Amino acid sequence: MLNIPHFSLIFLLVFFSFSSNSKPNIEPFFGSGANIYDQATCFRKPFDTYDSWLAMMQQSMNKRAKTEVESNERLAKFKSTFPSSSFDNFKAAIDCITFKYKVGEEEVNGYLIRPKGKEDLPIIVYNRGGNGNFGAMVFGGLMNRLMPLAEKGFVIVGSQYRGTFQRGGLLKDEFGGADVEDVVSLVKKLKYLNHADINSIGMYGTSRGGMQSLLALKELDDIVKSVALRAGNYDLQRDLSTRPEMELVYKKRIPNYATQKDKQLRKRSALYWAGEINNAIPVLLQHGDNDQKVNVYNSKALAEKFSEASRPYKLTIYEDDDHGLSNHSDEAFNELVQWFMMHLKQNK
């Protein structure tokens, strides 16, 4: 699994939007009953070839770097993080599409990744972290985080959440409010997904996506069979004591925050309502004990709740590691794969 540096995420986020004039026709991944539209390959301009992607990135780096040396260093890091061989291998072996769907009156962007030529594969619904455009799944993120997982024999489906990559969508993401329906709605559409085992659905959430996953599970009952959560926040009020700057996000995104702060944070904090989720669903919790963004307390406290309720779970704390588990990336990835292999593929 690739280790993506922070600077690349910033640049890739800026340049995620694909050319509106080039959307090659593809085989429909969803049946008509899903009401999913604008299905188009991720490997369209400027991501149709490695050279065109590289040229775009180089142009961006040249504009933003203060010196030629800085620009060359950034380009070298990009090539190291995203080698042409990886791009070519994924393009040959992986189907990747973006699409749109409606949740009420809201139009939401989504994506799907699967190995080519494979049938009856289990599904993993990925819930991203961040908020708004920050943390959205750009092309580099799809290639870095999700294509390696799909390559192991899974169909990966995810929502960008409402407002992401949309003009005028800045404040539509309520950080665990109405946007939870974007996940719930997408999961319910999976019954129309072609070439997949709709009876083997897992869910994987990172950072804010951990909260998002558990909120969605309250509405999905027994549809989801297994869950993996990495560095999730499950007590938003306590988190403010270790990362007070998050209150700026809460004030900006959470409706009625000024007058209902405790109520709204509790509503989004799984420690208070974990018992409302189907207790038969096994959960993997991963966290770094030196996470400066979401304190490891979150996963430890949720594990205690699971233990009290006799829920099947596994807690793995990675020593001296950060929010992205960058010091144990391969180990954490392998654990994730094995978890879903065991709980989604064991009866196949």
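Author: Start with the disulfide: two cysteine sulfur atoms within 2.5 Å. By this rule the count is one. One caution: this is a predicted model, where local features need pLDDT of at least 70 and side-chain atom pairs count only at pLDDT 80 or more, while totals for chains, interfaces and linings use all residues. Residues are numbered from 1 along each chain as its sequence is written, and side-chain values use heavy atoms, with hydrogens and water left out.

Reader: What makes C42 and C96 a disulfide?

Author: Their sulfurs are 2.2 Å apart. The limit is 2.5 Å, so the pair qualifies. The angle about the S-S bond is -65 degrees, a left-handed link. The two cysteines sit 54 residues apart: C42 in the loop between β1 and α2, C96 in strand β2 (residues 94-103). Helices and strands here are DSSP runs numbered from the N terminus (helices H or I, at least four residues; strands E, at least two).

Reader: Are these cysteines buried or exposed?

Author: Buried is under 20% relative accessible area, exposed is over 50%, and partly exposed is in between (1.4 Å probe, protein chains only). C42 has 0%, so it is buried. C96 has 3%, so it is buried too.

Reader: Which peptide bond in this model is cis?

Author: The one joining K45 and P46, with omega about 0 degrees. P46 lies in the loop between β1 and α2.

Reader: How do you know that R44 has no salt bridge?

Author: A salt bridge needs a side-chain nitrogen of Lys or Arg within 4 Å of a carboxyl oxygen of Asp or Glu. For R44, the nearest side chain of opposite charge is D38, at 8.0 Å. Lys and Arg count as positive, Asp and Glu as negative; His and the chain ends are not counted.

Reader: What polar atom lies 2.6 Å from the side chain of R44?

Author: The backbone oxygen of T41. A polar contact is a pair of N or O atoms within 3.5 Å; within protein, one must be able to donate a hydrogen and the other to accept it, and residues adjacent in sequence count only if both atoms are side-chain atoms. At 2.6 Å, the pair is inside the distance limit.

Reader: How many salt bridges pass the rule?

Author: Twelve. One of them joins R74 and E70, at 2.9 Å from N to O. Both are in helix α3 (residues 68-81), four residues apart, so about one helical turn separates them. R74 is partly exposed at 22%. E70 is partly exposed at 22%.

Reader: Why is V155 called buried?

Author: Because its relative accessible area is 1%. V155 is in strand β5 (residues 155-159). The C-alpha atoms of V155 and I123 are 4.7 Å apart, though 32 residues separate them along the chain.

Reader: Which residues other than glycine have positive phi?

Author: F165 is one, with phi near 60 degrees. F165 lies in the loop between β5 and α6 (180-189). Its 28% makes F165 partly exposed. S207 is another, with phi near 55 degrees. S207 is in the loop between β6 (196-206) and α7 (208-220). At 17%, S207 is buried.
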